[in-house]
Amino acid sequence: MNLQEAKELHDLLFTLIGIFHKKFLSRYRRHYDGYPGIKKNHIKIISVLYQYDHLIPTEISKMLDIEKGSLTTLIDQLEEMGLVTRCDDPRDRRKFLISLSTAGRHEMNKIMDNYTQNLSVFFHDVDPGELRQFTASLRFAVEFMKKL
């Protein structure tokens, strides 16, 4: 990859992140009236945990680009709310695993239902062919990035 291609890739990735936050996440947060006291970084954490059985804090920190000290505070708050649990990592006794509690999984199911309804409204007027192409492109991008 030459320097110009690297710059274009960088610009596209950061543009995508910005548009995603502006068009999707901020719109969703305006319509979320769920769990009292839950903040956007809490939702990001439980959203990541929803996709995995459990993660160590370092993995969550890297995925969400949250400093470890801040993440510890957020996880403590989620644990106090009853949305996540901590347990010892059987592979490494110095670490612990974070996973969704039953209440956390229930809250994420509500969040996903609400988010799905919002997406349906958001994409209502989009050409079905373009939507299929967009979905296929996202699927490709996700699979490609998993290979890196």
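**A walk through the predicted model**

Aspartate 11 is partly exposed, with a relative accessible area of 33%, where buried means under 20% relative accessible area, exposed over 50%, and partly exposed in between (1.4 Å probe, protein chains only). This is a predicted model, in which local features need pLDDT of at least 70 and side-chain atom pairs count only at pLDDT 80 or more, while totals for chains, interfaces and linings use all residues. Residues are numbered from 1 along each chain as its sequence is written, and side-chain values use heavy atoms, with hydrogens and water left out.

The side chain of aspartate 11 meets that of lysine 7 in a salt bridge (2.9 Å, N to O), a term that stands for a side-chain nitrogen of Lys or Arg within 4 Å of a carboxyl oxygen of Asp or Glu. Because they lie four residues apart in helix 1, aspartate 11 and lysine 7 are separated by about one helical turn; lysine 7, at 47% relative accessibility, also counts as partly exposed. Helices (H or I, at least four residues) and strands (E, at least two) are DSSP runs, numbered from the N terminus.

By this rule the count comes to eight salt bridges. Arginine 86 is partly exposed at 26% relative accessibility, as is glutamate 79 at 34%. In the pair of arginine 91 and aspartate 89, whose closest N and O atoms are 3.4 Å apart, arginine 91 counts as exposed at 67% relative accessibility, whereas aspartate 89 counts as buried at 5%.

Helix 4 can be read next. At 1.5 Å a residue, the 13 residues of helix 4 (residues 68-80) should span 18 Å, and its end C-alpha atoms are 18 Å apart, which agrees; the expected span is 1.5 Å times one less than the number of residues. The buried residues of helix 4 are Leu71, Leu74, Ile75 and Leu78. Seen down the axis of helix 4, these residues fall within an arc of 100°, so they line one face of the helix, the arc being that of the directions from the helix axis to the C-beta atoms. On the other side of helix 4, Gly69 and Glu80 are exposed. Just after helix 4, glycine 82 takes a positive phi of about 80°.
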